[in-house]
Amino acid sequence: AAAVEWGDEAEVVVVGWGAAGACAAIEARCRGASVLVIDRFQGGGASALSGGVVYAGGGTRYQQQAGFADTPEAMFDYLRREVRGVVSDPTLRRFCDDSVANLAWLEAQGARFGGTMPAQKTSYPPDGCYLYYSGNEVVPAYAGAEPPAPRGHRALAKGQAGETLYAALRAATLETV
């Protein structure tokens, strides 16, 4: 390590260029910071190999297109039972309240989603279906006062959609950094 010379500088250094690293880099650059992204490979990581599913609710346009009336309160009520205190209520509340805006932010970076539902609950939706119950929303033990709502938003792609979701974030990173 002592033989390695480092000459680059940045206000924000992002280590790891998967989906989270890409989002951090884009947001830091949009807020005016100089940004350096470091990855030991070409980026993507596990995100590019994933199903490309974003958990979002609270009334996304895809939920509405599919005929579901979700709210941040209903999402919070469900997730609070699901996580059983592992995530603090204020953090969980912020996640639920910001969910619609977070999905819209991903779309502004080039990610695309859809509102077509599979005919039944599945662990991963088939091609052509992009919104689904990705958690225990329809399990009676997790039922709340509101009807369950699908919150798994799969990126528009054939097969595993992670590469497509990451490609949008990668392109947006390169445009902003």
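Strands here are DSSP runs of E with at least two residues, helices are DSSP runs of H or I with at least four residues, and both are numbered from the N terminus; two strands count as paired if DSSP finds at least two bridges between them. Within this pair, zoom in on Leu 131, whose bridge partner in β5 is His 153.

Before going further, note that this is a predicted model, in which local features need pLDDT of at least 70 and side-chain atom pairs count only at pLDDT 80 or more, while totals for chains, interfaces and linings use all residues. Residues are numbered from 1 along each chain as its sequence is written, and side-chain values use heavy atoms, with hydrogens and water left out.

**Next stop: Gln 63**

Select Gln 63, which belongs to helix α3 (residues 61–65). Is Gln 63 buried or exposed? Gln 63 counts as buried, because its relative accessibility is 0%, where buried means under 20% relative accessible area, exposed means over 50%, and partly exposed lies in between (1.4 Å probe, protein chains only). If you display its contacts (heavy atoms within 4.5 Å) and leave aside neighbours within four places in sequence, you will find Leu 131 and His 153 among them, together with others including Phe 68, Asp 70 and Arg 151. A polar atom of the Gln 63 side chain also lies 2.9 Å from the backbone nitrogen of Gly 59.

Select Asp 127 and Arg 154, which form a salt bridge with their closest N and O atoms 3.0 Å apart. Asp 127 lies in the loop between α5 and β4 and Arg 154 in strand β5, so the pair ties together parts that are 27 residues apart in sequence. A salt bridge here is a side-chain nitrogen of Lys or Arg within 4 Å of a carboxyl oxygen of Asp or Glu, and by this rule the count comes to 7 salt bridges. Side chains of opposite charge can pair when their charged atoms come close.

**Along helix α1**

Select residues 19–30, which make up helix α1; this helix has 12 residues and reaches 16 Å from its first C-alpha to its last, close to the 16 Å expected at 1.5 Å a residue, the expected span being 1.5 Å times one less than the number of residues. Its buried residues are Ala 19, Gly 21, Ala 22, Ala 25, Ile 26 and Ala 28, and what covers them includes β1 (12–15), β2 (35–38), α2 (45–49), α5 (89–108) and α6.

At Cys 30, the residue counts as exposed, because its relative accessibility is 54%. The structure holds 0 disulfides, a disulfide being a pair of cysteine sulfur atoms within 2.5 Å. The cysteine sulfur nearest to that of Cys 30 belongs to Cys 23 and is 11 Å away.

Select Glu 27 and Arg 31 next, whose side chains meet in a salt bridge (3.0 Å, N to O). Glu 27 is partly exposed, with a relative accessible area of 26%, while Arg 31 is exposed, at 69%. Just after α1, Gly 32 takes a positive phi of about 95 degrees.

Select Arg 84, which sits in the loop between α4 (72–83) and α5. Most residues other than glycine have a negative phi. Arg 84 is exposed, at 67% relative accessibility.

**Last stop: Gly 162**

Finish at Gly 162, which lies in helix α6 (residues 162–176) and is buried, with a relative accessible area of 1%. Apart from neighbours within four places in sequence, Gly 162 is in contact with Ser 47, Ala 48, Ser 50, Gly 51 and Gly 52.

Note on methods
Polar contact = N/O pair within 3.5 Å; in protein donor to acceptor, adjacent residues only side chain to side chain.
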